[in-house]
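Please look at the sequence and the structure below. The paragraphs that follow go through some of its residues and strands in turn.

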Amino acid sequence: MEKKYFAPSELIINEDGSIFHLHLKPENLADKVILVGDPGRVALVASHFEDIECEVESREFRTITGTYHRKRVTVVSTGIGCDNIDIVLNELDALANIDFETRTEKDQLRQLTLVRIGTCGGLQPYTPTGTYIASIKSIGFDGLLNFYAGRDKASDLDFEAEFKKQVKWDSQLGNPYVACADEQLTEQIAQDDMVRGVTIACGGFFGPQGRELRLPLQDPHLNEKIEKFSYNGLQITNFEMESSALAGLATLMGHRAVTCCMVIANRLAKKANAGYKNTIDGLVKTVLDRI
Ligand code: R1P
Ligand code: URA
């Protein structure tokens, strides 16, 4: 069978041979990848590396590849939101699995291990600020996965139906999907000091997460229903903005992924830790040791 050719408009390669947004070349990418939202967190992760092999910056995407305890690791910032995860995951996958010379897919899948280190808002009494949460499932309020074939294969459809029923989901908000993290990778990273949680990834920090400043919310009781949700012994533990797209796209592409976040605001207790930048290094070190 003839291989599919990815035209220059679909797979944009810069003049120097790097991929369009990330500005990385295929040889710059390690198999183990840490994704962070904040470009400033890239230097924090790389401060633990013994050697730095390459450093690239373009828009909100900052990348460093180096060595941590003899493991080759790439750390990339994604900026905020699932729209950026679409760019980062597709470009990382292209770097790993598309031959840039022939613009065709390589014969053998190169599987990446992707761990997102982020911050989140806690939704349960047992997720106070400082808690580490590994997302075993991520409910995507963002809609990104709905654009890909196989969306239903990558979503836990029973969980999805139960979620919509329990929170009386308004279809105007789009169709939420439920993406699952790689189970083995989750155990490897979370061990016995991270809460296994169900995360909601939102397309916004304010309205979509039930934060009401000057603008009233479409459903002011949605967060109460989310906090009360329970299914097969699972509760919804936290809000952030990228885990659903990461887990969903990684599943469709054949990569392994999980998101681990530190709680920096507990919505029930109405408390926040705005000085978290001093303490997230504990999570960074834990993930680097376990990846
Ligand atoms: C919002 O403040 C941002 O923080 C969280 C959310 O997912 C969103 O990106 O993650 P990061 O700390 O990784 O950016
Ligand atoms: N990131 C989020 O998306 N929400 C929070 O409440 C905290 C961090």
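This is a predicted model: local features need pLDDT of at least 70, side-chain atom pairs count only at pLDDT 80 or more; totals for chains, interfaces and linings use all residues.

Between which two elements is the loop that holds Phe-49? Phe-49 is placed in the loop between α1 (39-46) and β2 (51-58). Residues count as buried under 20% relative accessible area, and Phe-49 is buried because its relative accessibility is 8%. Leaving aside neighbours within four places in sequence, Phe-49 is in contact with residues including Ile-64, Tyr-68, Val-73, Val-75 and Leu-288. Leu-288 lies 239 residues from Phe-49 along the chain, yet their C-alpha atoms are separated by 9.5 Å.

In β4, Val-75 stands opposite Ile-34. Strand β1 (residues 32-36) runs parallel to strand β4 (residues 71-77), and five bridges join them. Strand β7 (residues 113-122) also pairs with β1 in the parallel sense, over five bridges. There the bridge partner of Ile-34 is Val-115. Is β1 mostly covered or mostly uncovered? Strand β1 is mostly covered, with four of its five residues buried.

Next come the charged side chains. The structure holds 17 salt bridges. One of them joins Arg-72 and Glu-53, with 2.7 Å from N to O. Arg-72 belongs to strand β4 and Glu-53 to strand β2, so this pair, 19 residues apart, links distant parts of the chain. Arg-72 is partly exposed because its relative accessible area is 32%, and Glu-53 is partly exposed because its relative accessibility is 44%. In another salt bridge, Glu-55 meets Arg-62 at 2.8 Å, N to O. Here the two partners fall in separate classes: Glu-55 is partly exposed at 49% relative accessibility, whereas Arg-62 is buried at 18%.

Arg-116 forms a salt bridge with Glu-240, and their closest N and O atoms are 2.9 Å apart. Arg-116 lies in strand β7 and Glu-240 in strand β12 (residues 234-240), so the bridge ties together parts that are 124 residues apart in sequence. Both Arg-116 and Glu-240 are buried. Salt bridges with shared partners also join Arg-151, Asp-152, Glu-160 and Lys-164 into one network.

Apart from neighbours within four places in sequence, the contacts of Arg-256 include Gln-111, Thr-113, Asp-182, Gln-184 and Gln-188.

The aromatic rings remain. The count of aromatic pairs comes to seven. In one of them, Phe-141 and Phe-163 are tilted, with 5.9 Å centre to centre and 45° between the planes. This pair links distant parts of the chain, 22 residues apart: Phe-141 is in the loop between β8 (132-140) and α3 (151-154), and Phe-163 is in helix α4 (residues 157-166). Phe-141 and Phe-163 are both buried. They are members of one aromatic cluster, together with Phe-159, Trp-169, Phe-229 and Tyr-231. A ring can also have a charge over it: the charged end of Arg-211 sits over the ring of Phe-205, 3.9 Å from its centre.

Note on methods. Residues are numbered from 1 along each chain as its sequence is written. Chains are lettered from A and ligands numbered from 1 in the order in which they are written. Side-chain values use heavy atoms; hydrogens and water are left out. Contact means heavy atoms within 4.5 Å. Buried means under 20% relative accessible area, exposed over 50%, partly exposed in between (1.4 Å probe, protein chains only). Two strands pair if DSSP finds at least two bridges between them. Rings of Phe, Tyr and Trp (its six-membered ring) pair if their centres lie within 6.5 Å; planes under 30 degrees apart count as stacked, over 60 as edge-to-face and the rest as tilted. A charge sits over a ring if NZ of Lys or CZ of Arg is within 6 Å of the ring centre and within 35 degrees of the ring normal. A salt bridge is a side-chain nitrogen of Lys or Arg within 4 Å of a carboxyl oxygen of Asp or Glu.
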